[in-house]
Amino acid sequence: METSSHVINVKDLVKKFGDFTANDHLNFQVKKGEVFGFLGANGAGKTTAIKILCGLSLPTSGLVEVAGYNVKTHPEKVKSSIGYMSQKFSLYDDLTVFENIRLFGTIYGLSSGEIKKRSGEMLSRLGIEEQRNRLLSTLSLGWKQKLAFSVAVLHRPKIVFLDEPTSGVDPITRRQFWELIYQAADEGITVFVTTHYLDEAEYCNRVTIMVDGRISALDTPAGLKTQLDCDTMNDVFLKLTRPN
Amino acid sequence: MNVKQLWSFIRKEARHILRDKRTLAVLFVMPLAQILIFGYVISTEIKDARIGVLDHARDYSSRQVIDRLVSSGYFMVQDYYSGRGQMESALRKGDIQMAVVFSPDFGSSMERPGGANMQFIADASDANTARMLVNYAEGIVAGYEFESTEVSSRRIAPLIVEARMFYNPSLRGVLMSVPGIMAMILILVSAMMTSISITREKEYGSMEVLLISPLQPWQIILGKVAPYVILSLVNAITILAVGVFVFQVPMSGSYLVLAFVSLLYILLSLSLGIFISTVAPNQMVAMFISLFALMLPTILLSGFIYPIENMPVWLQWFSYIMPPRYYISALKDVMFKGAGLFVVWKEVLIMTGFLGAFLLLSIRNFKVRLE
């Protein structure tokens, strides 16, 4: 019964593109309600792993279970139990705030009554009720990112995947963004987040660092620091990615 | 699976289109501008061509010939000249397109066995027009000669060739351009706009978000192309309406067959657009592929402007793989000849084949990308 509390269960995940091995025997579990940091240099295989976890790409071999479903056999079940947000895209610029919310709410199967209720709660929590009918293009990047996150968890997914959600936003907005992440985690939503900001890694319950397609470390931030005898996550990261 | 999801996605796409006012204006104005340009400006027909007359004879017969030329509607007399120099300078300046010269004894020599002399001098810097002007004028003069000669004095029974141009009796160029413009605009709107709008989602990263969502890939594609089907139909109706009501292009076939053939062509163009979007990495490439791979061949190789029969053989073979060629040929059959579905079945079959091929290729490419 140990795996039942794990919302993500990865065993011996291998992904090959021809001769190139992007993910080399990954093994990890993520607990319900955990904030799980996924770190690694560019090209370390993070994006490939996320794509597999989200059901966008198939593993070459190994077992990947997300929200209790095997991504190979039940990708549709996986897709409806997760949320996803990436730094590259945060909602449509030429739609209004509410139109964006309604679009993604409907796509994730919410009724229009639920969408109305939840979007009202969400906008008042963010304090932008009066921006409801503004075009998204008129909002700042920080607001767009916060809104995109809120939309990604609107359907109360079991897990939300965040792919570098805070790139390009100012430190204050990043802080506010992480408050939103903690709120979601408190509500029992598991957060799987990749980031380049190593101070953000400190906010995670547990952190994985990928190097060249392998997991080279997986522990709590405090555990990693003692294990590698470093003061900051920055040093931990450098020590693992550049051993000499 | 869920109709509500698909519907909300179609509405989203429609909003994208409606809120991009500039593109929308181009999409609606372009077809109108095209047909007006082709209809009014680029006409290959002769109407009120400017001629100058150098009449040394000034007799009854020469006036008769001039009257005939003018009353045909093809020519109008710009000026009368008294000397050759005057006439030549008018021709050089482009005041007139053709000069008509009568010899001094024109009328009286018509009675003589040697015959009368007249001369047409055309400005052949525009060779096609010059040739047509001379041909038309010769025809008119020949008719006059035949009628004015006494029956008794005809030495030989003339061989009368009567040519009749069926389906386009007055050889009006606009008739040819309506099917051509429809083919061009529809493939442009359908293929270029859809390929751009799909690659835009790829470029902005929203495609990833959509693919991770519970939406099925076919729902995404259907949602993206559905608004363009309507847009293309509106365009087709606009072009047709202007053609029929403004330029009096005949519509002798059934509107139902026309709608069916057009819908098939629109779907074919959309599937081509989807295919382009699976190949093109970004909007820019999608646009260039659409423009250079679709527009130019449509204009040049589909028989829209240049007759396919006049092309070198290898280009003729190339024109066989141009989907617009079949649409234009089916449209002409339906509109001008009143052909039914049984006449254009070959075109319908070929277009269906193209549609299937593009869809299969797109699905294959899409799968490869997801691997």
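Which residue is the bridge partner of V53(B) in β3(B)? The views below show the pairing around it and then the contact between chains.

This is a predicted model: local features need pLDDT of at least 70, side-chain atom pairs count only at pLDDT 80 or more, and totals for chains, interfaces and linings use all residues. Residues are numbered from 1 along each chain as its sequence is written, while chains are lettered from A and ligands numbered from 1 in the order in which they are written.

**View 1. Strands β1 and β3 of chain B pair in the parallel sense.** V100(B) is the partner of V53(B). The pairing joins β1 (residues 49–55) to β3 (residues 98–102) over five bridges. Strands pair here if DSSP finds at least two bridges between them. Helices (H or I, at least four residues) and strands (E, at least two) are DSSP runs, numbered from the N terminus.

**View 2. Four strands of chain B form an open sheet.** Their order is β2-β1-β3-β4, with mixed pairing. From one strand to the next, the twist averages 25°. Axes are lines fitted to C-alpha atoms, for helices over the stretch in contact, and angles run from 0 to 180 degrees between N-to-C directions.

**View 3. Helix α3 of chain B packs on the sheet.** Helix α3 (residues 60–71) touches β1, β2 and β3 of chain B. Its direction makes about 140° with that of β2(B). Contact means that C-beta atoms, placed from the backbone, lie within 7 Å.

**View 4. Chain B touches chain A.** Each chain gives 20 residues to the contact. On the side of chain B, α1(B) gives the largest share, eight residues.

Terms used. Contact = placed C-beta atoms within 7 Å.
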